[in-house]
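Hi everyone, thanks for coming. Please get the structure up on your screens, and we'll walk through it together.

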Amino acid sequence: MYRSLFIAVAMCSAVAASPAAAATYLFNLSGSQSASFQLQSSPSPVGSFSGDDDVFWLDNVAGSYASGATLKDIYFYTSTIGGGLGFKNYNNSTYTLITDGPQLFTGLNTSPTFKLGTFLLTQFNGPGQYTLTISNLDAVPGVPEPSTWAMMLLGFGAVGYRMRRRRLLGTRVTV
């Protein structure tokens, strides 16, 4: 019995220790210009401006932008320079939109992790108001991970074993 219990605990530990894959996030921008694109939750930035740790960018991000389905370079800014994001045309290096708002990621600009939620952005030097929603495409709410199921079944098994063992031993009353 102890051997099978040890094997079950080892299997639960192996399942719990397996690394999770990076999640895919959906970005939806609405306002006078719209955009929709997908990125990994923790992307590998192309780089940052030389000597400037306040910006990182991703090249050739496929998505649906105001001009239709195309590629854009997307820039993300830290809160120290106004936050928000910017879009640049891939082929001619012209900015199509720059916004100010909250910083949309945590961590360093060399290893960022995007925040989930809804963010209000304003056009840089302009009147435009935008709403950016970042949501997790991989999230399945209410379904426990396999390691959670394994630990729960192991717990029920341990409780059942103890109850059965207690019943088999019984209690003796002497008078």
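Let's begin with a pair of residues: Phe56 has Phe76, in strand 4, as its bridge partner. Before going further, please keep in mind that this is a predicted model, where local features need pLDDT of at least 70 and side-chain atom pairs count only at pLDDT 80 or more, while totals for chains, interfaces and linings use all residues. Residues are numbered from 1 along each chain as its sequence is written, and side-chain values use heavy atoms, with hydrogens and water left out.

Strands here are DSSP runs (E, at least two residues), numbered from the N terminus. Strand 3 and strand 4 run antiparallel and are joined by nine bridges; two strands count as paired if DSSP finds at least two bridges between them. These strands also form a hairpin, with two residues between them.

Now, what does Phe76 touch? Leaving aside neighbours within four places in sequence, its contacts (heavy atoms within 4.5 Å) include Phe27, Leu39, Phe56, Leu58, Leu104 and Phe114.

That takes us to the core. A nonpolar core is a set of buried Ala, Val, Leu, Ile, Met, Phe, Trp, Tyr and Cys residues joined through side-chain atoms within 4.5 Å, and buried means under 20% relative accessible area, with a 1.4 Å probe and protein chains only. The largest nonpolar core has 24 residues, and Phe27, Phe37, Phe76 and Phe87 have the most contacts inside it. Among the elements giving two or more residues to this core are strand 1 (24-31), strand 5 (85-89) and strand 10 (129-136). Which strand gives the largest share? That is strand 3, with four residues.

Zooming out, eight strands close into a barrel, in the order 1-2-3-4-5-6-9-10, with antiparallel pairing. Let's look at two of the pairings. Strand 2 and strand 3 pair over two bridges, in the antiparallel sense, and Ser36 has Ser64 of strand 3 as its bridge partner.

One last stop: Gln103, in the loop between strand 6 and strand 7 (105-106). Is Gln103 buried or exposed? Gln103 is buried, because its relative accessible area is 17%. Its side chain makes polar contacts (N or O atoms within 3.5 Å, one able to donate a hydrogen and the other to accept it; residues adjacent in sequence count only if both atoms are side-chain atoms). The side chain of Gln103 reaches the backbone nitrogen of Ser79 at 2.9 Å and the backbone oxygen of Phe105 at 3.0 Å.

Terms used:
Buried < 20%, exposed > 50% of the residue type's maximum accessible area, 1.4 Å probe, protein only.
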